[in-house]
Each structure stands twice: as C-alpha cells, then as structure tokens.
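Let's walk through a protein model together, one question at a time. Have a look at the picture first, then follow along.

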Amino acid sequence: MGKIIISDIKRALSSKRFWISAGLIIICTAINLLASSAYDLNKRVGWIGLFIFGNIIGNPMIYLLEPFIPAFIFAPLFMEDIKSGAYKDVSKKTGLKKYLAARSVSSLIAGSGIFIISLLIILAGCFFCDPTVQTIEYMPIGLFKEVYYSSALLYIILFILYTALCGALFCFLSFGIGLASNSSSMSLVLPGIIGSCSYLMLNLFNNPVLSWMQVLLPYLVYAFDVGTPPLNRMAKLCFILFASLILVAAGYHKLKKESRVNTAATGETHANKIEV
Amino acid sequence: MKSISDNFKQIPLWRIILAIIFLLGLSFNAYAALSFEGPPSFQEMTLTQLIDVTTFNLYYILLLVIAGLGFKNENANIQHTNPDGFRRNLKYIAFICFLYIAVLLVFNILSMLLQSGSVYFSDKWCVLRPEGFEFLTPSQSAIICILLLYLRLVFLGCLVSVINSRCRKMPFGYSGGFAVCLFDGIMYYNVFHQNTIGVLPYEHSYLACIFITHLPALDVFLSVLYWLIMIAAAGLLYRLFNRQSKSVPVKEVF
C-alpha cells in the first residue's frame, strides 16, 4: 500500500502538469497582487502584506482555477491505469479494496501537495521581494480572523492548510468521479464544474423542501476570506468527502463486477481449450 | 447528420440530467436577479445571462458537461488521425452549441412560467439598465448576444478539439478553452485597463465592449468576422498538427 502511495506521489511530482499548475497559481497571485486595489506599488507592505494581498484577499482567477487544478494533476495518473487495465496486476497482489484505499490516500496527498508547494513558493517569493514586516490595512472577515490579530504568520499557515484541505477533497472527488463514471473527461472537469457552478442551484433549491441543500453546495468553499460561517464550510467539505466516498464505493463495486466477469470469461476459454 | 446524432446518443443520460439541472439553475438565477425591480421581459432575462461577466464563462464550463466536447478521443483516436476530423468535430460542436442555446432559451421561458406564472415579452427596457448599447432594443441586443455567444462557444469547442488532437492519452483540450476564459477578461480589465485593442476574445463577446466606438452595424459585423477567422485559424492549426503527426510521432502536451 505504501509503495503505491509513494509511486503515485513520485509520478505526480515528476509530471509537467504539477509544475504547470504551480506556475499558474503563482502567475494568478502576481496578477491579483498587481490588480489589488489595496496594494500600492509605491508603498512597502512587507512580505506578510504581499502574501495577503496576493492570495487571501479575493482572488477571482484562483477561485475559478482551484477546483480544477487537483483533478488536472491526479486524474491522468489513475485514469491511465484504469483504462489500460494496469491496475489489475497491482490489485491482484494487494486486493482491490486496499489498492483503492491507497490510491484514495495518494489522491488526498497529491491534491493538498500542489497547494502547499505552490503557496510555500509564493510565501518564499514574497519574503524575497520585501523581507520587512509592515503594518497593513487589512481586516479579515473569514476563517480564523481572530488568529490574524495575534499572529499573522500563523494565520497564513492556517490559510495554506485550509486551501490544501480543499485541494485534497476536490482531488478525492475527481478520483471518485473517474472510478464511478470510467470517464477521463469527467474526472478532469466535473469536480471543477461542481466547485464553480454549484451556486447556480441556489435559487433552484430556494423552497421549503430543498432549502437545506443550499448549505451543502460547495461554491466558493476555497475562498478563505469570505464570511461563510465555519459550520457551513464544514457542511460543504463533509458533503464533498461523503460524495467522494460514495463514488469510490460505487467504483469499487463496478471494478469488482468487471473482474468477476473477466474471470468467468477466462475460465470459460480455459475450459474450452481443455475440451478441444 | 447521422454521425452527429450518433455522437449525441453516446452522451450518458446522467450527464444530460446534470446539464439540465445546471441550465435550469442558470435560468432561475437570472429571473431572481432581475425580479427585484419588477417583472423582467423574456428578452431582458435572456440578455442578463449574456452580459454578466461572472456567468459568461460558465457557459463554456457547462458545455463541457453537456457535450463532453472534443472529448471523443476518449473512445476512439480515429477522429484525430483523420484529416476530415476537424470538419466532423466542427459540425458536432456547432450542433451541440445550437442545442445548448435553444435549451437555455426554453428554460428561460420555463423558469418565468414557474416563478411568475406568465411569460412576458416586451421590446422596451423595463428592468435592465443597458450600458453602452442604449440605442438597441432588448430583442436586438439579445439576438446579437446570442449570436456572439454561439460563435464564441463554437470557437472554444474547436480549440478543445485542436488541443485534444495533440493529447492521445488524456483529453486535456478543455484547458485551452479554460485558459481563454481565464485570461481574456483579466487582460482586458487589468492589463489594458479597458482600452480596446480589438483582438481579445473578450472584446468580441460583450455588447458593452463592442459598442464602445458607437458604430453598431460595423462592430457587430467585425465581431462576427473575428470569430469566423478564429474558427478558421483553429481549423488550420488542427490540420497543421495532424499533418505533422503523420510524419513525426505525437509528443504529449502535458
């Protein structure tokens, strides 16, 4: 199991997609920093300020991109194996259940890893650009806003961890969708579509019967500095996790059924050969 | 036509249902956004879905669910080794985009019926405040917007198809259209500070951008021409890539 996870992580890290995604995140941050009305080029804001204005304060490009990135990195890794049937050899040794568990864990690690690595690169870049600590005009309204006033660095670390958690869950969702639908395209785009377009259903669910479902829609779950109550965020994240688990379970049954049919087919041909 | 309907039949039912839910949501949202100031007309409701910057890119994203657009290499690579593949893909994309917009319009009527009990058509501005195109009627504006959206979607679909022709293992083509959606608006707003340079896809998608020079007939004609040139360019790229791929083994993009 450990070997599968390590090999997946190695494959993810050595893929071009990983570094293209990291580059995209960095470019989006740079554009957001330059476009941010709170950031003034003539004023020194310190490395903490640079990071906050570039990432934590509303970054519309990243909001659109973030749900798609984890799937872009991880979906090709497992979909190739599933489509080519390469998973069969490994799952024969470990068992299908353990194999899928290992790949689920690696999806979580890969999904969180991309954000941790790229945000740490950005943090280092900010420190390199302006190593001073300055007071900035920023009033957090989102998660852990109290932490910001006691320690800005801890606030940034919490932001990175939260983004990584979201990335991990969206990557797991992509894994589940790929397994259940056996479609590479859907495993690549559907998590992102659910992440960016689910707000369209807000008005559809605006009735007494379905209104409870509005809380579960994972729209803007990535946005750290948005005043969504923590409990609502928890509900959204749990919804993604449970949906992914259900999809993985459905995929497991599908693969098991397939392997049974294949075994029966090979058994029949073997019996035919003996008869001949 | 038969191949188009065959391709369409291959789309799984769950994907169509998902797309219907999203599109219905889009119509419900548009009505809810406008109904605060009074009952909107059908034309205004349609228009509000086409001039809102945040929802505009969603059309492309949603198109990916409906069509599995350009994702045909998931099942077979034949589409990309065939020089006529682009023409076939273009027909499929044009058909899907037409169907997509038609369904959206039907859902607009449906959501009006469900939320207010009646459908209201009017060629006067009632609720919406047009900025930059006041001299057009809501119907004219809606027709122009629909035409531009249609051409934009067809172009993005072609782009998906072109990139997919370079990716044999996984359908990464969606990322091309996505990059256009992500960067053209941002370039317009942040890099060029809303000064039109005339070549960004964004400038040929929105009424407010197009009519900045107040030469409506010419500008719409130029925008249509722009999209046709872009589609033709995508076709040329497709041909170029596939001609190369015959002699040189295809190198994976990602």
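**Helices, salt bridges and patches**

Starting at the N terminus, the elements of chain A follow the order α-α-α-α-α-α-α-α-α-α-α. Helices (H or I, at least four residues) and strands (E, at least two) are DSSP runs, numbered from the N terminus. This is a predicted model, where local features need pLDDT of at least 70 and side-chain atom pairs count only at pLDDT 80 or more, while totals for chains, interfaces and linings use all residues. Residues are numbered from 1 along each chain as its sequence is written, chains are lettered from A and ligands numbered from 1 in the order in which they are written, and side-chain values use heavy atoms, with hydrogens and water left out.

Q: How many helices and how many strands does chain A have?
A: The run of elements in chain A reads α-α-α-α-α-α-α-α-α-α-α. Counted up, the secondary structure of chain A is 11 helices and 0 strands.

Q: What percentage of the residues of chain A count as buried?
A: Buried means under 20% relative accessible area, exposed means over 50%, and partly exposed is in between (1.4 Å probe, protein chains only). Chain A has 276 residues, and the share that counts as buried is 50%.

Q: Is A:Ser118 buried or exposed?
A: You'll find A:Ser118 in helix α7 (residues 96-129) of chain A. Leaving out residues up to four places away in sequence, A:Ser118 touches A:Ala22, A:Ile25 and A:Ile26; a contact means heavy atoms within 4.5 Å. The relative accessible area of A:Ser118 is 0%, so A:Ser118 is buried.

Q: How far apart in space are A:Val133 and A:Ile117, C-alpha to C-alpha?
A: A:Val133 sits in the loop between α7 and α8 (145-150) of chain A. With 63% relative accessibility, A:Val133 counts as exposed. A:Val133 and A:Ile117 are 16 residues apart in sequence, and their C-alpha to C-alpha distance is 23 Å.

Q: How many residues apart are A:Arg103 and A:Asp8?
A: A:Arg103 and A:Asp8 form a salt bridge, with their closest N and O atoms 2.8 Å apart. The pair links distant parts of the chain, as A:Arg103 is in helix α7 of chain A and A:Asp8 is in helix α1 of chain A, and the separation is 95 residues.

Q: In which helix of chain A does A:Asp81 lie?
A: The side chains of A:Arg103 and A:Asp81 meet in a salt bridge of 2.7 Å, N to O. A:Arg103 lies in helix α7 of chain A, so the pair ties together parts that are 22 residues apart in sequence, and the helix of A:Asp81 is α5 (residues 69-84).

Q: Which residues are linked in a network of salt bridges?
A: Take A:Arg103, which counts as buried because its relative accessibility is 2%. A:Asp81 also counts as buried, at 13% relative accessibility, whereas A:Arg11 counts as partly exposed at 29%. The residues linked in the network are A:Asp8, A:Arg11, A:Asp81 and A:Arg103.

Q: What accessible area do the residues of the nonpolar patch have together?
A: Patches are made of residues with over 30% relative accessible area and no salt bridge, with like charges joined within 9 Å and nonpolar side chains (Val, Leu, Ile, Met, Phe, Trp, Tyr) within 5 Å. Accessible areas come from the Shrake-Rupley method with a 1.4 Å probe, and for residues only the protein chains shown count as cover. Together, A:Leu13, A:Trp19, A:Ile26 and A:Ile121 have about 330 Å².

Conventions: Salt bridge = Lys/Arg side-chain N within 4 Å of Asp/Glu carboxyl O.
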